[in-house]
Amino acid sequence: MKLYQGLTQVQVDDEMADDTTFTITTELSKPLNFSPSDLYRYVDSVLKPGSRHDQNNLKFVTDPAFIGENYDYTSTPLTAKLTDFEQKMNFARAVVADLNRHVSVNIDTAHHEFQLLFVD
């Protein structure tokens, strides 16, 4: 699955990954542009958790130009400081690159970990 799907569709005891007492860990060879928690906050601000794809505007996770024109940059602390067009577009391209990476999700209940295993 893609990272944005893992962040919006996988739950632990009816709670989304970033809302639980579980730690989010990553296993990857190429680093992310943003932390999983920052990505989760972004996704949470633009997609409805647990919704079907037809209930969300997936351009917020797939189209940098759409994000640049339509995202409310004041909605999260990560983007509130972005003021000029080039900064906003750099953010949009980087967030799309991160959210569209392929990932496997493992929930380790013994260690209270929500493990993101990137396959790229």
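This report covers the salt bridges of a predicted model and the surroundings of Gln115.

**Salt bridges**

A search of the whole structure finds two salt bridges. One joins the side chains of Asp38 and Arg41. The other pairs Glu86 with Arg93.

| Asp38 and Arg41 | 2.8 Å | Asp38, 22% | Arg41, 38% |

Asp38 and Arg41 both belong to helix α2, residues 36-46. They are three residues apart there, so about one helical turn separates them. Asp38 is partly exposed. Arg41 is partly exposed too.

**Gln115**

Gln115 sits in strand β5, which spans residues 113-118. Is this residue buried or exposed? Gln115 is buried, because its relative accessible area is 13% and the cut-off for buried is under 20%.

Its side chain takes part in polar contacts. One reaches the side chain of Asn106, at 2.4 Å. Another links the side chains of Gln115 and Glu113, at 2.7 Å.

Which residues does Gln115 touch once neighbours within four places in sequence are left aside? They are Thr25, Ser104, Val105, Asn106 and Asp108.

Notes. Residues are numbered from 1 along each chain as its sequence is written. This is a predicted model: local features need pLDDT of at least 70, side-chain atom pairs count only at pLDDT 80 or more; totals for chains, interfaces and linings use all residues. Side-chain values use heavy atoms; hydrogens and water are left out. A salt bridge is a side-chain nitrogen of Lys or Arg within 4 Å of a carboxyl oxygen of Asp or Glu. Helices (H or I, at least four residues) and strands (E, at least two) are DSSP runs, numbered from the N terminus. Buried means under 20% relative accessible area, exposed over 50%, partly exposed in between (1.4 Å probe, protein chains only). A polar contact is a pair of N or O atoms within 3.5 Å; within protein, one must be able to donate a hydrogen and the other to accept it, and residues adjacent in sequence count only if both atoms are side-chain atoms. Contact means heavy atoms within 4.5 Å.
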